Amino acid sequence: MSGDEECTRGDLLTRALGGERAAFAALVRCHQRAVYSLALRMLSDRHAAEDLAQDVFLQLYRNLATVSSESHLTFWLRKVTLHRAIDRLRREPRYEVAALADAELPASEAPAGDPILDRRLRQLLDELPPAARAVVLLRYQEDLDPADIARTLRMPVNTVKSHLKRSLAQLRERITSTAWALT
Amino acid sequence: MSDDRHDDMEIDPLERQLRAALKPRDPPEGFAAGVMARIAAEPAGPRRARHSPAVAGWVGFGLAASVVLSVLLAHQWQVRRIEQGREARRQLLEALRVTDEKLDLTYRVVNAQPRAALPQHSGA
């Protein structure tokens with residue numbers, strides 16, 4: 001999840017499991033980018049995303065003994081983050097219509113490519129239902145294949161593929177209808 | 001992700017654009033410190049909250065002892081109830097025996113009276 005040097009050390013989880021706070025803090029630093037990004041794309045609200053991501057790490061701290069490996073940790077963080085976000089969107093649908101405050105982000109964080117098209121795509125992503133949005137995020141942000149997405153979101157692989165197909169069709173149609181041409 | 005994972009998925013400009021649009025973002029400065037501050041404010045961590053094996057052993061022993069004691073008390077209560085029932089039965093039988101003796105005595109006294117002393121009922 002992060003290319004940071006401390007994240008390449010294999011003993012972070014073991015040390016954190018042994019009760020070493022510094023090791024747990026390092027784990028947070030290694031995974032914070034992925035967890036926060038998922039929360040941000042799901043909720044489209046930076047403060048809500050930060051709160052949710054912190055809650056996820058707090059939950060991880062309380063349940064660290066149930067995590068068996070680094071890959072399990074990554075899987076666990078994705079699963080908990082998305083389920084929490086989906087629950088929150090169902091509980092408080094206002095987040096579904098909130099606009100992502102990309103303009104407030106520092107210029108250094110802006111992705112390469114066409115920033116206007118990127119922003120439009122993220123806006124269209126906000127219009128997808130929460131479960132479909134989670135599927136798209138795991139596919140195109142986390143780069144997971146449908147089987148891994150199905151395991152993370154606890155849904156059949158065919159449902160994942162169906163979500164992806166429908167979501168892409170919807171995004172394509174809206175992009176086209178609003179005259180945002182892809183190059 | 002390797003390209004073989006995309007076998008069943010069409011790669012098109014929209015998908016490429018989505019990948020570009022969904023590049024992960026860093027959280028605000030101090031995020032990890034905020035998490036650790038919240039953890040520090042926790043009353044007790046999960047591992048610290050857990051009982052040691054010795055404590056867990058004593059808790060198990062206590063529970064088992066409670067169950068055994070409950071069974072013994074219930075058994076004792078049942079034995080007392082049975083004893084009370086037997087005592088009541090014994091008293092009832094004694095009362096019946098005394099009553100039987102009294103009735104028997106009365107019967108014998110009545111039958112010991114001379115027949116002549118009994119009032120004669122003439123049929124004429």
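A residue is termed buried if 20 or more other C-beta atoms lie within 10 Å of its own, exposed if 12 or fewer do, and partly exposed in between, the C-beta atoms being placed from the backbone. The structure discussed here is a predicted model, in which local features need pLDDT of at least 70 and side-chain atom pairs count only at pLDDT 80 or more, whereas totals for chains, interfaces and linings use all residues. Residues are numbered from 1 along each chain as its sequence is written, and chains are lettered from A and ligands numbered from 1 in the order in which they are written.

Chain B contains 4 helices and 0 strands, where helices (H or I, at least four residues) and strands (E, at least two) are DSSP runs numbered from the N terminus. Along the sequence its pattern reads α-α-α-α. Of its 124 residues, 7% count as buried.

The interface between the chains joins 27 residues of chain B to 39 residues of chain A; two residues are in contact if their C-beta atoms, placed from the backbone, lie within 7 Å. On the side of chain B that touches chain A, helix 1 (13-21), helix 2 (31-40) and helix 3 (46-49) each supply at least two residues. Helix 1 of chain B gives the most to that side, with 8 residues. The residues of this side comprise 16 nonpolar, 3 polar and 8 charged, with Ala, Val, Leu, Ile, Met, Phe, Trp, Tyr, Cys and Pro counted as nonpolar, Asp, Glu, Lys and Arg as charged, and the others, Gly among them, as polar.

Within helix 1 of chain B, the buried residues are Gln17(B), Leu18(B) and Ala21(B). Viewed down the helix axis, they fall within an arc of 105°, so they line one face of the helix; the arc is that of the directions from the helix axis to the C-beta atoms. These buried residues pack against helix 6 and helix 7 of chain A.

Helix 6 of chain A (residues 115-126) has 12 residues and reaches 17 Å from its first C-alpha to its last, close to the 16 Å expected at 1.5 Å a residue, the expected span being 1.5 Å times one less than the number of residues. Asp118(A), Leu121(A), Leu124(A) and Leu125(A) are buried in this helix. Seen down the axis of helix 6 of chain A, its buried residues fall within an arc of 125°, so they too line one face. Their cover includes helix 2 (21-43), helix 7 (130-140) and helix 9 (157-177) of chain A, together with helix 1 of chain B. Gln123(A) also lies in helix 6 of chain A, but with 16 C-beta neighbours inside 10 Å it counts as partly exposed. The C-alpha atoms of Gln123(A) and Arg41(A) are separated by 9.7 Å, although these residues are 82 apart along the chain.

In soluble globular proteins, nonpolar side chains tend to be buried together. The largest nonpolar core has 49 residues, of which Leu27(A), Ala39(A), Met42(A), Ala53(A), Val135(A) and Leu137(A) touch the most other members; such a core is a set of buried Ala, Val, Leu, Ile, Met, Phe, Trp, Tyr and Cys residues joined through C-beta atoms within 7 Å. Helix 2 of chain A gives the most to this core, with 12 residues. Not counting residues up to four places away in sequence, Ala53(A) touches Gln32(A), Val35(A), Tyr36(A), Ala39(A) and Pro27(B).

Most residues other than glycine have a negative phi. Ser44(A) counts as buried because it has 23 C-beta neighbours inside 10 Å, whereas Arg154(A), with 8, counts as exposed.
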